[in-house]
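User: Hey, could you walk me through the pockets in this one? I'll have a few questions as we go.

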Amino acid sequence: MTKTQVPAIEGWFTTDPERPALLGTRCTGCGTYAFPRASAFCANPACPSTTFDEVELSRTGTVWSFTNSCYEPPPPYISPTGEFEPYTLAAVELANEGIVVLGQLAGDTTVDDLAAGTPVELVIDTLYEDDEHEYLVWKWKVVD
Amino acid sequence: MGAHDVAVLGVGMHPWGKWGRNFVEYGVAAANDALADAGLAWSDIEYVAGADTIRNGYPGFIAGATFSQALGWQGNRVASCYAACASGAQALNIARAQILAGFCDVALVVGADTTPKGFFAPVGGDRPDDPDWLRFRLLGATNPTYFALYARRRMELYGATRQDFAQVKVKNARHGLANPNARYRKEVTVEEVMSSPTVADPLRLLDICATSDGGAAIVLSSMEYAKRHTTNPVRIAAISTVTPTFPQTVIEMPNFSTDSSATVAPPEIGFKDAIAHAAYEEAGLGPEDLDLAEVYDLSTALELDWYENIGLCKQGEAERLIRDGDTTVGGRIPVNPSGGLASFGEAIPAQALAQVCELTWQLRGQATGRQVEGAAVGITANQGLFGHGSSVIVAR
């Protein structure tokens, strides 16, 4: 039986197989980007706007810093395979929005493969599974 | 002396550890020690400000009332506040404002915590609207994840090494040896730090502070009131509890992302610099006036960040300070003579108060075994979740 793929959180990213992207907002008043999306107020203290356009954010960026997780975090963390395996994380400066976004690295990328400035792109990957579903999340992948 | 000074009449702490008892016990023990240190009775206290703990149930959320009841209801006014790691400093600030406004002459500030083993976890339940919950679910990002991002950034930008980080632990462990309130009183070597298991690369287990039980309390009064009870008291010259300024471009716990700097340029002074900067402005003092500092070493590498944030050196120069021994007791500007979080572990609502307790003992010349000679001005600095930070300047 094939499991149904569903985002682990609704409305934070697209799952386009070719060009997935984070979904953020751009303020209709001042142009400020936000991720996760703004809905009721703009982060810019000088901007009174309460309306925001949904936008796909840059799919590429460069590594600001990086680390890994060698011990299993407490709940609500769920291990993808049931057995804990260390994973790598990076804070990535998006190409155009002036935002740094945190994410896990896809695949077998380790801290030894990364440096400040390493170019990466966004991919969609499995966060964890249950009997019927495969829950998806965004991850970063080093650009070859 | 400033027009907005208040006096520290008494300080007290319950030793940090993993005692497994109710947090109220630690708070009451610290309060009684602070009252005894001030030479006052509980019945003399007009106002209680409690720093809240969010993991000990309802009594923790209303710490001011909880500690008042435990000490015995006597009709005093109360306040309770939660501000993550800055909770203690905000409670102190509330008490100071009451005193300076003339609503009371003498107040008691208390913070205490009981902590679980291991990583700090978010509040339980299914709560996908809370970024603190979501970061664990979607990213598996623990607190050490963020500490490690900052540590790696120092390595990438300034050539910091794991030895530099380890050296901070070695220094603080040595400082804490003689501190009766410290949880860990054991020397460690650079090799021991570096060979401890990696938690979040580049940080090892011994680079990251533990979570602890503990309690701290401060009796605060007007300078007038203090004159009637003591001579030359230690005084609070500034309390800064500023938020970041938009756009905050450094990723902070528990967030997924930073603000966008696409439309508004980042502020000239970043958040952690601004925390200390506001305190210096308020006190009319600067880094050159300091004799010592107590900073929030959640990780060894974060202590190096603080050297720059509180103005002990320029950005990228902190490694030189630790390598040269400048921040060791006996050096140019000792940092964390108490032993810091490395020797204490973190008891969140008590920690910012514990920093002020240490400065008070140092400025009175009572810090046996870790005394900074001739200490007259000290600063604290800390930062925690959700844009909270604090800095307190204590002077004699």
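User: What volume does the second largest pocket have?
Analyst: Keep in mind that this is a predicted model. The volume of the second largest pocket comes out at about 840 Å³.

User: Which residues are closest to its centre?
Analyst: Those are Trp64(A), Thr249(B), Val250(B), Gly270(B) and Gln315(B), out of 36 residues that line the second largest pocket.

User: Which helix gives the most to that lining?
Analyst: That's α6(B), with five residues. Elements that each supply at least two lining residues include β6 (87-94) of chain A and α10 (271-283) of chain B.

User: And how many of the lining residues are charged?
Analyst: In the second largest pocket, 10 are charged, next to 16 nonpolar and 10 polar ones.

User: OK, now the largest pocket. What's its volume?
Analyst: About 980 Å³. It has 35 lining residues, and Phe35(A), Pro36(A), Ala43(A), Asn255(B) and Asp259(B) are the closest to the centre.

User: How does that lining divide by class?
Analyst: You get 21 nonpolar, 10 polar and four charged residues for the largest pocket.

User: Switching topic: where is Ala166(B)?
Analyst: Ala166(B) is in helix α7 of chain B, which covers residues 162-176.

User: Is Ala166(B) buried or exposed?
Analyst: Ala166(B) is buried, because its relative accessibility is 0% and the cut-off for buried is under 20%.

User: What is Ala166(B) in contact with, leaving aside neighbours within four places in sequence?
Analyst: Val190(B), Val193(B), Met194(B) and Asp207(B).

Conventions:
Residues are numbered from 1 along each chain as its sequence is written. Chains are lettered from A and ligands numbered from 1 in the order in which they are written. This is a predicted model: local features need pLDDT of at least 70, side-chain atom pairs count only at pLDDT 80 or more; totals for chains, interfaces and linings use all residues. Side-chain values use heavy atoms; hydrogens and water are left out. On a 1 Å grid over the protein atoms alone, a cavity is a set of points where a 1.4 Å probe fits but cannot get out, and a pocket is an open set with protein on both sides within 12 Å along at least five of seven lines; lining residues have an atom within 4 Å of a point. Grid points are joined across faces, edges and corners, and a volume is the space filled by probe spheres set on the points. Ala, Val, Leu, Ile, Met, Phe, Trp, Tyr, Cys and Pro count as nonpolar, Asp, Glu, Lys and Arg as charged, and the others, Gly among them, as polar. Helices (H or I, at least four residues) and strands (E, at least two) are DSSP runs, numbered from the N terminus. Buried means under 20% relative accessible area, exposed over 50%, partly exposed in between (1.4 Å probe, protein chains only). Contact means heavy atoms within 4.5 Å.
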